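Dear colleague,

Please find the structure below, which I am handing over to you.

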Amino acid sequence: MVDLKRPADLPNRLLVGFSAGLDSTVLLHALMQASQTDWPDLELCAIHLHHGLQPAADDFAHQAQLSCQQLGVPLQVMSLQISQDAIQSMGLEAAARSERYRAFARAQAAGQALVLAHHLDDQIETTLLQWIRGAGLDGLVSMQAWSPERQIWRPLLGLTKASLRDYAQAHALTWVEDPTNLDESLDRNRLRRRVLPELTALRAGALQAMGRSIELLQQDKAVLDEVTQQDWQACLAEAAERDRAQHKGLDLSADLLIRDRLLGLSDARLSRVLRLGLARVGSPMPPARRLQEFIRQLRSVSHDTRCQLVVNAPGPGEKVSFQVSFRAGFVFFTQ
């Protein structure tokens, strides 16, 4: 059995990302089982994204159609076009992932949650990849089981790949194996095929223990996020201060923070507030050393001096720049 552990605020309308591989096949089957037992109000539909990046792509689409017909689940097949510019700029995996989430967002209707089949092995692989890239807490927490802001649900995050295979075999399910999963030139595949087996051989229950560690990190991050929101509100310019900023010629459409209040924070808390401001304008995060240099300047420059941190967004086509700037006693964020 697959315990889906539904969040209390999860809607009954679900859009399932369905690749026709093992993981999403188990997910769709388990959801259909739930709709026939303890979830009678569930409204299911599925979406298959056809990347066209490998010869097996047509086989995946065909299997997706067969599986959904057998289960009686409406299926939408959407073709994706991933530009060579995007692949060259971001790498194939990142470009494909970015395009997938854009496609999911286009297909997801109001009042509908997107359901994805990421499992515990995926979760640990993601954390390990972030770790070896030098990520901080925001990267190490990996994926959330339920994201109410984005309306994305990942109910299989507590289950190992092996347990999903056992479920599929017990229910005589049919799926397609992705041949690219054997390509060990890809970091994730090398972790999956070489590192995770060593970890499970080293200690029984290693994956489950690591999953619990990730959950604890997610709890710690939630507390830090609450503190950062409180710091943000405490540093935000109020009406009279915004009037003063307008007289200085600043753009009132931007979030304005008071520099003197920011300087009362530790560097660690100030860094998180600045990251929040950049995230609010859609900016990617700059390297920690650049953010620390901006904080150093912010603490040392005079009231009338200007300083700025520019962050360029990666991707194809015209580059987009984001700025966090100090001017006339205010810190603000723009694109």
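In what order do the 6 strands of the open sheet stand? The order is β3-β2-β1-β4-β6-β5, and the pairing is mixed. Here helices (H or I, at least four residues) and strands (E, at least two) are DSSP runs, numbered from the N terminus, and two strands pair if DSSP finds at least two bridges between them.

This is a predicted model, in which local features need pLDDT of at least 70 and side-chain atom pairs count only at pLDDT 80 or more, while totals for chains, interfaces and linings use all residues. Residues are numbered from 1 along each chain as its sequence is written, and side-chain values use heavy atoms, with hydrogens and water left out.

Within the sheet, strands β1 (residues 13-17) and β2 (residues 43-50) run parallel and are joined by 5 bridges. V16 stands opposite A46 in β2.

The whole structure holds 20 salt bridges (a side-chain nitrogen of Lys or Arg within 4 Å of a carboxyl oxygen of Asp or Glu). One of them joins E241 and R261 (2.4 Å, N to O). This pair links helix α10 (residues 239-247), which holds E241, to helix α11 (residues 259-262), which holds R261, 20 residues apart. E241 counts as buried at 17% relative accessibility, whereas R261 counts as partly exposed at 28% (buried means under 20% relative accessible area, exposed over 50%, partly exposed in between; 1.4 Å probe, protein chains only).

Finally, salt bridges link D122, E125, R188 and R192 in a network.

Yours sincerely
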